[in-house]
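This briefing covers one protein chain. It goes from the overall fold to single residues.

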Amino acid sequence: MTSLRHQAGQDGSYAQGAYEPDGTFEAAVEQLADPLNDPLPGQHTSPWLRAEHAQEADGEAPQMPQAAAQGPVEPPGEWYDPEGYQRDWYGHQGPESAPAANTVQGTAVIPGPATPAPVPAVPGPEPVPAPPEPVRVPQADEAGPVLHDETVALRTTDTRRAARLSATGSSDPAAETPPTGGRAERRRAAKGRGGRRGEPRRTGGADPAGPAAPMSRLEARRAARAAKDSPAVVASRVVGEVFITFGVLMLLFVTYQLWWTNVRADQIAGRETSKIQDDWANGERSPGVFEPGQGFAIMHIPKLDVVAPIAEGISKEKVLDRGMIGHYGEGKLKTAMPSAEQGNFAVAGHRNTHGEPFRYVNKLKPGDPIVVETQDAYYTYEMASILPQTSPSNVAVIDEVPPGSGFTGPGRYITLTTCTPEFTSTYRMIVWGKMVDERPRSKGKPDALVG
């Protein structure tokens, strides 16, 4: 129970107490906001019990307490905003409007015109004020106050988060360190990332800085079906690959036919020509009958710059494809030899590929020389006529007196046969010639080969 206390005045007399019937104590009690908010010992009294309120109620001039003379008292620090809440609670703080409460022997004394009534002080430890959090001033290029997610209140920019982002060098808020505050803060951080704590953020686009968002089983199946090629695409791709392969094979085949066969045939024909000349130089005599594929003569066409060996037979593999000229000397197609007294010496050769010795026979004109060189002599023919096109079955063109050649009777003739048009074997081209000179080898080369 709080007892009545009297204080001595300056003149040594006792002032009237706070419980006297003048109503001072009741007026002071009615001005209290909440008895639970009474200050602890050593702190400020309630703002409702300040001197100015009591003075305004009594209409008397305020008296300066003794504690106010020592200087302004700092308000206690709190965990909330020190500027806003302290301003609302304590009002304007200044050296003239911040009187401190006097304590006498453990009781709080309310300053006023009369002697204040003693108020019991509650003993307890004095709370340590927390340092106020510095207020960060937003820059010109930053956004203004941010609306709080749950309380819908204004709050300033989180300087700690900005410091973490600047330290990590990242502009993605999800890359910062997970929050370590209360449940509400963790929930807000998870909501900002798009899920619970530790889950990746689910956004519409791909995040190059983090892993892709996981898909459900249905979404995965749809994505797999979308990524799988349709049958039409697969078929078109197969057809395209077949065409590409076919084109490559055709290109290789054309290269082989037009280039490599000529190279290979020229090599074989050159070796055969050298062999024939070596045999003649060594004096080896050959009989008048030759085996199929055996070379026995050399043909010279000076206008076309052709020098090719002549072999027995018209076999494609053994003679013609080896770059040589074949003599019709077998079966029903057998013709005379150049040394015969009369007859038609008929030969065949490729116009294209495989050495193509008769490639330009169509350019021969009447009177152009065609020389056949044998082991004993040189036989010179002059071109007489040409049949541009005829059927492959027209074997009459190699008769002793060929029809359509212009020859009227038996004689010593030569017939050249080849395919036409070029690069085909649909028809045959025929060139006829008549012997004009027979010169033994001992007399040297004829004039057609010397010039």
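The model is predicted: local features need pLDDT of at least 70, side-chain atom pairs count only at pLDDT 80 or more, and totals for chains, interfaces and linings use all residues. Residues are numbered from 1 along each chain as its sequence is written, and side-chain values use heavy atoms, with hydrogens and water left out.

**Whole chain**

- The protein chain has nine helices and 13 strands; helices (H or I, at least four residues) and strands (E, at least two) are DSSP runs, numbered from the N terminus.
- Of its 451 residues, 29% are buried, where buried means under 20% relative accessible area, exposed over 50%, and partly exposed in between (1.4 Å probe, protein chains only).
- Among contacts between residues at least 6 apart in sequence, 55% join residues at least 24 apart; contact means heavy atoms within 4.5 Å.

**Barrel**

- Eight strands form a closed barrel in the order S6-S7-S8-S9-S12-S13-S11-S10, with mixed pairing; two strands pair if DSSP finds at least two bridges between them.
- Neighbouring strands of this sheet are turned by 30 degrees against each other on average, direction ignored.
- Helix H8 (residues 231–281) packs on the sheet and touches S6 (295–301), S7 (306–312) and S10; the direction of H8 makes about 110 degrees with that of S6. Axes are lines fitted to C-alpha atoms, for helices over the stretch in contact, and angles run from 0 to 180 degrees between N-to-C directions.

**Strand S10 and its partners**

- S10 and S11 form a hairpin with three residues between them, and five bridges join these antiparallel strands.
- In this pairing Val371 stands opposite Thr380, and Ile370 stands opposite Tyr381.
- S6 and S10 also run antiparallel, joined by three bridges, with Met299 opposite Val372.
- S10 is largely enclosed by the rest of the structure, because four of its five residues are buried.

**Nonpolar cores**

- The largest nonpolar core has 26 residues, and Met299 and Val372 have the most contacts inside it. A nonpolar core is a set of buried Ala, Val, Leu, Ile, Met, Phe, Trp, Tyr and Cys residues joined through side-chain atoms within 4.5 Å.
- The elements giving two or more residues to this core are S6, S7, S9, S10, S11, S12 (412–420) and S13 (427–440).
- Leaving aside neighbours within four places in sequence, the contacts of Met299 include Val306, Ile325, Val347, Phe358 and Leu416.
- Another core, of nine residues, lies apart from it and includes Ala346, Ala348, Ile398 and Trp432.

**Loop residue Asn352**

- Asn352 sits in the loop between S9 (343–348) and S10 (369–373), and counts as buried because its relative accessibility is 9%.
- Not counting residues up to four places away in sequence, Asn352 touches Arg359, Glu422 and Phe423.
- The side chain of Asn352 makes a polar contact with the side chain of Glu422 at 3.2 Å, and one of its polar atoms lies 2.6 Å from the backbone nitrogen of Phe423. A polar contact is a pair of N or O atoms within 3.5 Å; within protein, one must be able to donate a hydrogen and the other to accept it, and residues adjacent in sequence count only if both atoms are side-chain atoms.
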